[in-house]
Amino acid sequence: LCKAMRSRFINKAHLNSTTIQSDVADLYCSACECALCEDCLPAHEDHPKVVLSQALEQHRNRLQERLGAVQNRLPQISDALSFVREILQQLTNQRASIEEDIQSSFEDLHKQLEVRKSVLLMELEVTYGLKQKVLQAQIDNLTRGDGDITATCTQTEEALAEEASVATLEAEHELEERLKELAILRMPCQPEENDQLDLVMETDGLRKSIHNLGTIVTTSAVASQSEAMGSGLEQCIVGHPASVTIVTRDKSGGACKTGNAILSAEVFTPDGSIVDGEIVDHKNGTYEFVYTVPKEGEFSLALRLYDQHIKGSPFKLTIAKASERRGKSPGQKKKGSKRASSALGTPRRKTQNPIEDDLIFKIGTKGRNKGEFTNLQGVAASSNGRILIADSNNQCVQIFSNEGEFKTRFGVRGRSPGQLQRPTGVAVHPSGDIIIADYDNKWVSIFSCEGKFKAKLGSGRLMGPKGVSVDQNGHVIVVDNKACTVFIFQLTGKLIAKFGSRGNGDKQFAGPHFAAVNKNNEIIVTDFHNHSVKVFTAEGELVLKFGSNGEGNGQFNAPTGVAVDINGNIIVADWGNSRIQVFDGSGSFLSYINTSADPLYGPQGLALTSDGHVVVADSGNHCFKVYRYLQ
């Protein structure tokens, strides 16, 4: 209403709406945004005006639109509320899990200290007992000697005090012989032991270690503020490492200064398969993702921080061939010359002497249903005729018979104990328990053969477990891809040993993937970025190393899965060359498994089934394949 109408309305508060309506003209001033009465028309003569009914309808429409726009935000807010509540619940669960780990770790340390105290006290008693026994025996000997001498001397003195006679002569002869014996009797007059019994207790280093024992690790990084940069986001070259730098930021956009954020990176090929890469944590809030793409085309890079895309993710990548290629040795094929979806195609029989085996069957397509996979990784085979597949991006493990019949699957996505976030490795313990390496949750989960969660191990120690295996003693072997270390645990979670560090030395790794154990209880590890296979004792001593970067016999382009047959031969999945090679126990190349009928594309985990066949995770083709294998 105009000012005049408002004034009149106040003065005539008793008037009804009909009376007010009669004072209002059927016009609306668009400039002043008010209805006009007859008195105000002259004052608004130069202003744009519309019919009042039209203005009312437009106003109602605008109001309805704004209402709809605001109401449309409710689902978004509801989703955000659910997501934040889920994060809070996961945070609470993680707190409870860490509290349990702290209690368990310190209880274990307390037990170890009690055991050590008992050992030291026992050692003290044993050592004291041995020394005391020697000294007490010497005291007993000296006491007996002293008693004999004293008694004989007393008897002799008494005899001498009496008057000499023929009657005492015989007794004196006996005393004389006894005195002769005592005079030459050897007595242990020098100490046969010492009194040293000291305790050396180096507690300073232990106290310092205890003072610094354990760290609560976290970061304030959020995905919505974090960003990526670098040449790896631009045009990349086939077969050449590309690098992307990720800068993590907090909710206000400030740069984070510490590492340990949970970051994942996946390069997707045009057909939906995933290219492997390595994330390096610089421990200053920045991270580097290095990857190598085996063929040209349009790819995408998904960078997630705590399972959420960072700014700009997913990124589109253009992969091009290098303008100049290095020459190849005779008998080697050009990359991509036979099959577009494979880095190197299949080895030629005439030059590479493949084992004359055929594909028995393959199971799987891309998807989320039973018998479908999204980035399958680890493979295991049980003695009771089962094949287990770690279906990484579907957050589950699927189980099949040796004949490929689907049996069951289990796994719930999440970051709480008993849930799976990114299962990459799987193994079967002699007890029947199923052991799963969870890369993103940074621990190894133990499930019963029915898929019921039992325990987790390695929490707080592992950075990125990729592969798992079991040794002859029932210990769990964990290949930590991110830490470049092999850990050996008891099934209870107690750490037995660990070895390895980042580098290209004989006892170092660069992105190790999987492990197998031979009949000598030696651990065979595939060293992905060092393009080699290494064999170690259970104590971490290098026994054997073989392989180099290339496409020839016995060479690798990033080895992944590994298995050992009953004769000690080593079977290796050659990821970048998309093939499977066979070596003897000393690392000498024997042959290939013939995969030419249906070529592999980026094979990952590999195992030998209970009926003697080779099963491999054909990750790029979203299936697993079973081949005949001549042992």
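Strand β34 (residues 579-583) and strand β35 (residues 589-593) are paired in the antiparallel sense over three bridges, where two strands count as paired if DSSP finds at least two bridges between them, and where strands (E, at least two residues) and helices (H or I, at least four residues) are DSSP runs numbered from the N terminus. Within this pairing, Phe 583 has Phe 589 of β35 as its bridge partner. The hairpin of β34 and β35 has five residues between the strands, and Gly 587 there takes a positive phi near 90 degrees.

These values come from a predicted model, in which local features need pLDDT of at least 70 and side-chain atom pairs count only at pLDDT 80 or more, whereas totals for chains, interfaces and linings use all residues. Residues are numbered from 1 along each chain as its sequence is written, and side-chain values use heavy atoms, with hydrogens and water left out. The mean pLDDT of the protein, that is, the predictor's confidence in each residue on a scale from 0 to 100, is 86, and 90% of the residues reach 70 or more. Over residues 9-15, however, the pLDDT is below 50, and this stretch has one contact in the model beyond near neighbours in sequence, a contact meaning heavy atoms within 4.5 Å. Residues 17-22 likewise stay under 50 in pLDDT, and for them the model has three contacts beyond four places in sequence.

The protein is divided into domain 1 (54-197), domain 2 (222-320) and domain 3 (359-627), with bounds that come from an automatic or database domain assignment. The centres of domain 1 and domain 2, taken over C-alpha atoms, are separated by 53 Å.

Helix α3 (residues 52-71) and helix α4 (residues 73-161) have axes that come within 4 Å and cross at roughly 15 degrees; axes are lines fitted to C-alpha atoms, for helices over the stretch in contact, and angles run from 0 to 180 degrees between N-to-C directions. The two helices, α3 and α4, are therefore roughly parallel to each other, a term that applies to angles under 35 degrees. Ala 69, Val 70 and Gln 71 of α3 make the contact with Arg 73, Leu 74 and Pro 75 of α4.

An open sheet of four strands, paired in the antiparallel sense, has the order β4-β6-β10-β9. Its edge strands are β4 (222-229) and β9 (277-281), each of which pairs on one side only, and the twist from one strand to the next averages 25 degrees. Strand β6 (residues 242-249) runs antiparallel to strand β10 (residues 286-291), to which six bridges join it, and Ala 242 has Tyr 291 of β10 as its bridge partner.

A cis peptide bond, with omega about 0 degrees, joins Ser 313 and Pro 314, and Pro 314 lies in the loop between β12 (308-309) and β13 (315-320). In the loop between β15 (359-363) and β16 (376-381) is found Asn 375, a residue other than glycine whose phi is positive, near 65 degrees.

A further open sheet of four strands, also with antiparallel pairing, has the order β24-β25-β26-β27. Because β24 (465-470) and β27 (495-499) stand at the edges with a single partner strand each, one side of each is left without a neighbour in the sheet. Neighbouring strands of this sheet are turned by 20 degrees against each other on average, direction ignored. Strand β26 (residues 485-489) pairs with β27 in the antiparallel sense over four bridges, and Phe 487 has Lys 498 of β27 as its bridge partner.

Key. Angles under 35 degrees count as roughly parallel, over 145 as roughly antiparallel, 65 to 115 as roughly perpendicular and the rest as oblique.
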